[in-house]
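User: I'd like to learn how to read strand pairing and aromatic pairs in a model. Can you walk me through it?

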Amino acid sequence: DMNIEVSPTPDMYYVDLWGICKYPDGDNVKFNVEIKERKKDNSALIDSPYAELKVEKYNRMRLVTDSDTKLFYMVLLNDETCYLYDLDNPDVWKDVKIKEWKMKRTQFSPEEDMITVNTYFFPYSSATRKINYSCIYRDWFINELNYGLDKES
């Protein structure tokens, strides 16, 4: 039985979670995880069945990941499917494409200030793990909603 400990990283850090898997035999495996949430309608999923990761972001993730630490990229798609990529596994990289991706300069900006960035496109089909997390998301969302309502009363 392994024990997994995770903790969030400081704001503006290059990965979102630090963690460690502790095994009964004393072996420990450290890991870093970058998490992105994406929303895509059916048309976008057909046109682009990929998990996008900016090259510059990946390079920053590597800067804070020691050689004895595993690096993972997690994409939470449409509040339903979690795709986990082991970025240390060469098989994950076999079908990755690097393309220019046009996107908003600031994710939540109301303006349409667009930039083009070099981006890795990881096929969803090459994910190390694919997990349906819709019930977890739904439970979290309901708890957050209830917490917000309780907080206001």
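Analyst: Two strands pair if DSSP finds at least two bridges between them. Helices (H or I, at least four residues) and strands (E, at least two) are DSSP runs, numbered from the N terminus. Here, Pro8 stands opposite Leu17 in E2, and E1 pairs with E2 (residues 17–22) in the antiparallel sense over six bridges. This is a predicted model: local features need pLDDT of at least 70, side-chain atom pairs count only at pLDDT 80 or more, and totals for chains, interfaces and linings use all residues. Residues are numbered from 1 along each chain as its sequence is written, and side-chain values use heavy atoms, leaving out hydrogens and water.

User: In what order do the six strands of the open sheet run?

Analyst: The order is E1-E2-E3-E5-E6-E9, with mixed pairing. E1 (3–8) and E9 (129–132) are at the edges with a single partner strand each, so one side of each has no neighbour in the sheet.

User: And how do I read an aromatic pair?

Analyst: You describe it by the distance of the centres and the angle of the planes. Rings of Phe, Tyr and Trp (its six-membered ring) pair if their centres lie within 6.5 Å; planes under 30 degrees apart are stacked, over 60 edge-to-face, the rest tilted. A search of the whole structure finds 14 such pairs. One of them, Tyr58 with Trp93, is edge-to-face, at 5.2 Å centre to centre and 65 degrees between the planes. Tyr58 sits in helix H2 and Trp93 in helix H3 (residues 90–93), 35 residues apart.
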